Amino acid sequence: MSGVKRTMAPSFKAHDEKFGRWEVLTGLVLIFHLIAMVLWALHNKMPHGPDEFIHLNLVRYVYDTIRERPYAIGDVVTWGTGHWPPLMFFVRAIVCVLCGSDAYPIIVGSAAVFVIIFICSLYYCAYVITGKKATAAITVVIASFHPLIYGYARFVGTDFPSLAMAVLNLALLLYSKRFERSFISLLCGVVFGFGLLTRWTHWVIVGMPIIVVLVSVAIDMLKRRAVTKSFLNSMCALSM
């Protein structure tokens, strides 16, 4: 009907593509956190709390296994790191192999990689969902300076790396356009697997959004009565 105004469904498309002050603000926040991580790594020499001490002991155990009993690495992967997934312990143990066993500052400093992943992914998620760079930048400022996030990013554990992997997974899910983009869909599946190897509860954060997208893709396929590209990409992503 000509007198009825048609309402378009939200496309989750960002509107402003120009580089401006909000990217500068996000970049300055990122630089601040990276400098803070380096300073913390240089000046703090002792682990804080029992959890970090346990994690460092497990890193040392994996390090000794790699150096002295490489044939037993399979056993370490299977059950050697207790109820924690093995990925972060192996990454940090490899850092120790390359930089020396007394590499605590380097281990802490290497967490800067997850700071970059977290801030960039969070900015993208907020930007795509709201379409406003100001909202995305403010989201980054509030989240990155939250006491728990700001503090846990400096400890040797799986808490902050798991959070960074989860936000990266959500960013890739958004960027895949409901699994329309094949390579990004596969990358989303790979990151999901690495997220599980970082912390078993990764699926709790990322699982529901993925299920919602999968249901949407399945409904679309049923309506078309044909196997869609999105469905094939989603199955490939899950198989990763």
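Tutor: The second largest cavity has a volume of about 40 Å³. A cavity is found on a 1 Å grid over the protein atoms alone, as a set of points where a 1.4 Å probe fits but cannot get out, and its lining residues have an atom within 4 Å of a point. Grid points are joined across faces, edges and corners, and the volume is the space filled by probe spheres set on the points. This is a predicted model, in which local features need pLDDT of at least 70 and side-chain atom pairs count only at pLDDT 80 or more, while totals for chains, interfaces and linings use all residues. Residues are numbered from 1 along each chain as its sequence is written, and side-chain values use heavy atoms, with hydrogens and water left out.

Around this second largest cavity stand Arg92, Ile107, Val108, Ala111, Tyr152, Ala153, Arg154, Phe155, Val156 and Pro161. Eight of its lining residues are nonpolar, none is polar and two are charged. Here Ala, Val, Leu, Ile, Met, Phe, Trp, Tyr, Cys and Pro count as nonpolar, Asp, Glu, Lys and Arg as charged, and the others, Gly among them, as polar.

Counting cavities of 30 Å³ or more gives two. The largest cavity has a volume of about 70 Å³. Its lining consists of His33, Met37, Val115, Phe118, Ile119, Ser144, Ile149, Tyr150, Ala153, Arg154 and Phe160. By class, that makes eight nonpolar, two polar and one charged. At least two lining residues come from each of helix H1 (21–43), helix H6 (112–130) and helix H8 (147–152); helices are DSSP runs (H or I, at least four residues), numbered from the N terminus. H6 gives the largest share of this lining, three residues.

The nonpolar cores come next. A nonpolar core is a set of buried Ala, Val, Leu, Ile, Met, Phe, Trp, Tyr and Cys residues joined through side-chain atoms within 4.5 Å, where buried means under 20% relative accessible area (1.4 Å probe, protein chains only). The largest core has 36 residues, and Phe118, Ile119, Phe160 and Phe179 have the most contacts inside it. Two or more of its residues come from each of H1, H6, helix H7 (133–144), helix H9 (159–175), helix H10 (182–198) and helix H11 (202–224). H6 again gives the largest share, eight residues of this core. A second, separate core has 17 residues, including Leu56, Val59, Val76 and Ile107. In soluble globular proteins, nonpolar side chains tend to be buried together.

Methods. 1 Å grid on protein atoms, 1.4 Å probe; cavity = no way out; pocket = protein on both sides within 12 Å on 5 of 7 lines; lining within 4 Å. Buried < 20%, exposed > 50% of the residue type's maximum accessible area, 1.4 Å probe, protein only.
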